[in-house]
Amino acid sequence: MTETEEPQTKETLLLRGYDLAADAAAINQAGRILRGGGIVAIPTETVYGLAGNALDPDATGKIYAAKGRPSDNPLIVHIDRLEEWPPLVRELPEEALLLARKFWPGPLTIILPKSGLVPDATSGGLDTVAVRMPWDPIARAVIRAAGMPLAAPSANRSGSPSPTTWRHCVDDLWGRVDAILQSHDCRVGVESTVLSLCREGGGAVRPRLLRPGAVTLEQLREVLGEVVVDRGVLEHLENGEKAHSPGMKYRHYAPAAEVVLVAGDREGFRGYIRDHERPGEYAICFEEDLPMVELPAFAYGKRGDHAAQAREIFRLLRELDRLGAKKIYVHAPEKDGVGLAVYNRLVRAAAFHIEQA
């Protein structure tokens, strides 16, 4: 097969963890597929991504088709070296460089006005581009092997819970993509933080948080001072309103089951579940809740352990789909630190169905 030919068969490329030397053959094969215009599911530290050449509209079109993703939902471009960033954008303000020095490589995406190098098919028709440098060594090795920036949204069917293991990618995308890298589970478990650094009205940069993640609002404010939280982080977009970041649509990250987000303390949550339980219904709650909940229940961490909640929430939503759940009640996390990211994903999975216990 030449580098310009598209792979004729679908395959799983086996990795052994973080041993880049041992995994070189699989990584190089992924690079060949990507250079040939194909698409490959790859691990990152956040969730598995579906990678394709970010500068090729045909490749990004395959990503949208495989996911069933609306073409106005922008893709995040992944780079391996800081020098790959300037050609993608029209300017790099000092705020962007401060954040890159502090948080890259890592789970932070920065939005800036795009250059002519970035096709509209990648940016969802917007005049901006979202860029990040992942921490995960496998992801960065694949970018190097491909020799190009990679667009890599979550490697799942659009709207469903994001994939945190290679098996989730197989469940959603087998036969729809050219290859899946069989590798480690994702360490963070929710998608990257997305921050816009575009100038408002042509004036000063006004940092705006569009999607919370493992780089927290508190950490961003330590570097930048004021950071505005976009209304779309906790509220749904109106019909026809443009999404400026992935994951801002009304219902997203959702299992087949109906999800109800229940806010309140432990006693309130127990009482709400007791009043509403029916056959085929489950609970996702804190470890401290388990002895008090009579429904079949799964813990996604202790109440204050937001990192554990982030790692577990998508896995549990997928597991309850596998069990045939009809409705899932989730005890809402606190909205501080990484908890804001978990709450953001859950409120969309629940289509903003929130009950106060």
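Visitor: How much space lies in the largest cavity?
Guide: About 250 Å³. Keep in mind that this is a predicted model.

Visitor: Which residues lie closest to its centre?
Guide: Ala152, Pro153, Ser154, Glu191 and Arg211. They belong to a lining of 26 residues.

Visitor: How does that lining of the largest cavity divide by class?
Guide: It has 13 polar residues, 7 nonpolar and 6 charged.

Visitor: How many cavities of 30 Å³ or more does the structure hold?
Guide: It holds 3.

Visitor: OK, pockets now. How much space is in the second largest pocket?
Guide: About 210 Å³.

Visitor: Which helix gives the most to its lining?
Guide: That is α9, with 5 residues. Helix α9 covers 306–322, and α6 covers 166–173. Each of those two supplies at least two lining residues.

Visitor: Can you name some of the residues there?
Guide: The lining of this pocket includes Arg167, His168 and Asp171. Arg315, Arg318 and Glu319 are also among the lining residues.

Visitor: What classes are in the lining of that pocket?
Guide: There are 8 charged residues and 2 polar ones. The lining has no nonpolar residues.

Visitor: New topic: helix α8. Which of its residues are buried?
Guide: Gly268, Phe269, Gly271, Tyr272 and Ile273 are buried. The helix spans residues 266–276.

Visitor: What covers the buried residues of α8?
Guide: Several strands do, including β12 (258–263) and β13 (281–285). Strands β15 (327–331) and β16 (354–356) are also among the elements that cover them.

Visitor: And which residue caps the N-terminal end of α8?
Guide: Aspartate 265 does. One of its side-chain oxygens lies 3.4 Å from the backbone nitrogen of glutamate 267.

Visitor: Let's switch to strand β3. How many of its residues are buried?
Guide: For β3, residues 49–53, the count is 5 of 5.

Visitor: How many bridges join β2 to β3?
Guide: There are 3, and the two strands run antiparallel. Valine 40 stands opposite alanine 51 in β3. The pair forms a hairpin, with 6 residues between the strands.

Visitor: What about β3 and β7? How many bridges join them?
Guide: That pair has 2 bridges and runs antiparallel too.

Visitor: Which residue in β7 stands opposite glycine 52?
Guide: Alanine 151.

Note on methods: Residues numbered from 1 in each chain as written. Predicted model: local features only at pLDDT ≥ 70, side-chain atom pairs only at ≥ 80, totals over all residues. Heavy atoms only, no water. 1 Å grid on protein atoms, 1.4 Å probe; cavity = no way out; pocket = protein on both sides within 12 Å on 5 of 7 lines; lining within 4 Å. Points joined across faces, edges and corners; volume = space filled by probe spheres on them. Helix = DSSP H or I, 4+ residues; strand = E, 2+ residues; numbered from the N terminus. Nonpolar A, V, L, I, M, F, W, Y, C, P; charged D, E, K, R; others polar. Buried < 20%, exposed > 50% of the residue type's maximum accessible area, 1.4 Å probe, protein only. Contact = heavy atoms within 4.5 Å. Polar contact = N/O pair within 3.5 Å; in protein donor to acceptor, adjacent residues only side chain to side chain. Pairing = 2+ DSSP bridges.
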